[in-house]
Amino acid sequence: MAQHMKAAGLTKPQRAGRVFEAFLLVLAAIFLGCLALAAPFITGYFINMGPEGVGADVMNLLTPFNGGAFIAFMFPALGLVCLALFFLFIWNGLRRAPARAVVPCALLLLFAASVAWIVLLGTKTNFYNDSIRLDQYARALLSGDFGVFSADLGDQGVSYLRVYPFQSGSVWLLAGVYALFGVGNEMAFQLLSAVFVVVSAASLIFITGRLFPGKGTVALASVLVVLFAPLTFSAAFVYGNAIGFGLGCASLALNVAAMQQDESLPRRWGLFAAGAVVMLLALIVKSTFVIMLIALVLAWLIVLVRERRAPQILIVLAVAVVINSLTSVPVRLLESTVGLSFGDGMPKTSWIAMGLTWDPYLNRPGWWSPVQATHFAQVDGDTAAQGAFAMEAIKTALGRFLADPLYCIRFFVYKVMTEWLDPTFQSLYYSATSVSDATSPIAEQVMYNGYTANRVLTIAMDAYQSLFYIASFTGLVCAFRHRGSVSPAALLMVIAFLGGVACYLLWEAKSVYTMPFALLLLPFAAYGLRSLLDTVKR
């Protein structure tokens with residue numbers, strides 16, 4: 001195939017595609033380079049976490065210039081050196097170790113750590129607002145108390161599902177878990193999340209081997225994913241994040257395999273079809289992973305243009321449209337079951353309005369604010385009125401950005417730092433919403449501010465985040481330098497990552513939202529770390 005293309009020469013679409021590929025790699029490398037430079041000096045942390053309770057998710061940024069010389073820089077820098085020495089020490093062994101031995105051990109260790117964390121938490125009822133609503137609706141669905149679905153349960157005067165009808169998939173999922181394991185058994189849901197934590201890790205390791213098959217790369221990816229502590233802690237959150245991400249990663253893995261089946265079209269489209277089904281399930285559980293679906297379409301376009309099969313993109317587009325339309329099925333099914341209409345929900349522009357506004361109450365740029373949801377309740381769920389309100393807020397924000405460029409720069413720099421430089425990715429914060437009277441003192445000391453265990457763990461996670469960003473940046477640079485020999489399927493991960501960056505630059509911000517997209521860089525982190533280790537060893 002490659003020789004045929006070389007002999008025939010590149011067409012204009014192919015040349016444009018190659019330029020676009022290079023642009024994507026450069027853009028991702030620039031963003032990662034900025035994060036890699038900033039991470040050793042800036043650390044985000046949540047201040048409202050202690051034995052007395054968990055408050056609003058307010059984050060502060062700690063730097064060497066505001067009292068964080070040791071916590072934000074010196075200790076994490078020492079940790080980074082220790083991590084580098086650790087990988088240098090084990091590199092020769094990893095390079096020789098068979099992947100079939102390393103990968104299962106890593107996945108088993110990851111699952112054991114996730115289960116251990118869940119057991120230490122001893123969750124009975126997660127008291128995060130969204131988790132409470134899912135629990136209430138799942139119980140009502142099983143008991144037949146459908147009046148709960150139209151009641152105001154404390155959500156600014158309007159039913160929760162009128163604001164967030166897309167949560168219907170998670171309601172069905174939690175109800176299914178309760179039906180199988182007992183009503184109110186949130187630990188069963190957490191254990192299911194732990195299974196999908198392993199699914200996401202296995203999928204990313206598989207993708208690493210497909211994209212960068214060099215000796216030792218898969219083993220490095222296995223170690224890196226085990227050390228990515230927020231992934232372990234994420235299993236405790238009674239929400240669709242871990243399950244949706246696991247399904248999304250599995251779909252990406254199937255599509256990477258499909259993209260590399262250029263000689264067997266039946267096998268290619270069979271893998272693609274399987275990936276489409278899994279992606280549909282991912283979007284039903286967690287709708288924000290539609291970013292992955294968009295990335296799939298763009299990546300397939302690049303691959304098919306490379307192969308001179310561009311018309312086949314119509315298959316991908318048709319399937320993407322079908323997937324997107326089918327995500328409404330759980331909503332309609334729930335509406336039919338309870339005899340209510342949830343409407344169209346709060347317009348998506350409301351989240352963009354939040355993402356472009358510096359919240360005056362909690363003093364954070366682009367993070368959650370009750371303003372939009374409160375107005376939606378005040379207009380009794382009128383989508384058109386809410387859309388106009390949100391658009392007015394967006395226009396106001398854009399006007400201020402244009403009138404004051406320095407404010408604009410400060411806003412987005414601060415927003416990006418709070419999203420991407422929190423080494424915990426909010427995993428400890430959401431774990432802290434799962435405590436009960438059965439929670440182990442060990443878990444409390446790991447989660448809560450002020451304890452030595454929490455400080456040590458945060459410093460270790462900070463050091464790891466710096467290493468991960470440096471390695472990912474290196475991997476992207478190496479991929480750019482050797483892009484002629486790198487599989488075009490690698491662009492799927494780059495596009496999905498950049499999609500996450502772009503989305504949460506405009507959307508309501510949370511560091512928990514960015515964690516999945518950071519993890520999508522695992523193949524590049526392993527590739528980059530391998531390149532760095534080989535360079536040092538030489």
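**Reading side chains in a predicted model**

Mentor: Let's open with Leu 27, which counts as partly exposed at 37% relative accessibility. The scale is simple: buried is under 20% relative accessible area, exposed is over 50%, and partly exposed is in between (1.4 Å probe, protein chains only). Keep in mind that this is a predicted model, where local features need pLDDT of at least 70, side-chain atom pairs count only at pLDDT 80 or more, and totals for chains, interfaces and linings use all residues. Residues are numbered from 1 along each chain as its sequence is written, and side-chain values use heavy atoms, with hydrogens and water left out.

Trainee: Where is the place of Leu 27?

Mentor: Leu 27 sits in helix α2, residues 12-38. Helices here are DSSP runs of H or I with at least four residues, strands are E runs of at least two, and both are numbered from the N terminus.

Trainee: On to rings. How many aromatic pairs does the count come to?

Mentor: First, the general idea: a pair of aromatic rings is described by the distance of the centres and the angle of the planes. Rings of Phe, Tyr and Trp (its six-membered ring) pair if their centres lie within 6.5 Å; planes under 30 degrees apart are stacked, over 60 edge-to-face, and the rest tilted. By that rule the count is 41 aromatic pairs. Take Phe 228 and Phe 468: their centres are 5.5 Å apart and their planes at 80 degrees, so they are edge-to-face. Phe 228 is in the loop between α9 (217-227) and α10 (229-233), while Phe 468 is in helix α22 (residues 452-481), so this pair ties together parts 240 residues apart in sequence. Phe 228 is buried at 3%, and Phe 468 is buried at 2%.

Trainee: What about the rings of Phe 401 and Phe 412?

Mentor: With centres 5.1 Å apart and planes at 50 degrees, that pair is tilted. Phe 401 belongs to helix α18 (residues 383-403) and Phe 412 to helix α19 (residues 405-420), 11 residues apart. Phe 401 has a relative accessible area of 8%, so it is buried, and Phe 412 is buried at 18%. There is also an aromatic cluster whose members include Tyr 137, Phe 146, Trp 351 and Trp 507.

Trainee: Which ring does the charged end of Arg 400 sit over?

Mentor: The rule asks for NZ of Lys or CZ of Arg within 6 Å of the ring centre and within 35 degrees of the ring normal. Arg 400 sits over Tyr 407, 3.8 Å from the ring centre. Likewise, the charged end of Arg 483 lies over the ring of Phe 480, 4.2 Å from its centre.

Trainee: How many salt bridges does a search of the whole structure find?

Mentor: It finds 10, each being a side-chain nitrogen of Lys or Arg within 4 Å of a carboxyl oxygen of Asp or Glu. In one of them, Lys 510 meets Asp 57, with the closest N and O atoms 2.8 Å apart. Lys 510 is in the loop between α23 (490-506) and α24 (511-519) and Asp 57 in the loop between β3 (53-54) and β4 (59-62), so the bridge ties together parts 453 residues apart in sequence. Lys 510 is buried at 5%, and Asp 57 is buried at 7%.

Trainee: What does Arg 95 form a salt bridge with?

Mentor: Its partner is Asp 534, the closest N and O atoms being 3.0 Å apart. Arg 95 is in helix α3 (residues 69-96) and Asp 534 in helix α25 (residues 522-537), so parts 439 residues apart in sequence are tied together. Arg 95 is partly exposed at 27%.

Trainee: Last one: how many disulfides does the count come to?

Mentor: A disulfide needs two cysteine sulfur atoms within 2.5 Å, and the count is 0. For Cys 34, the closest cysteine sulfur is in Cys 408, 16 Å away, too far for a bond. Cys 34 is partly exposed at 48%, whereas Cys 105 counts as exposed at 54%.
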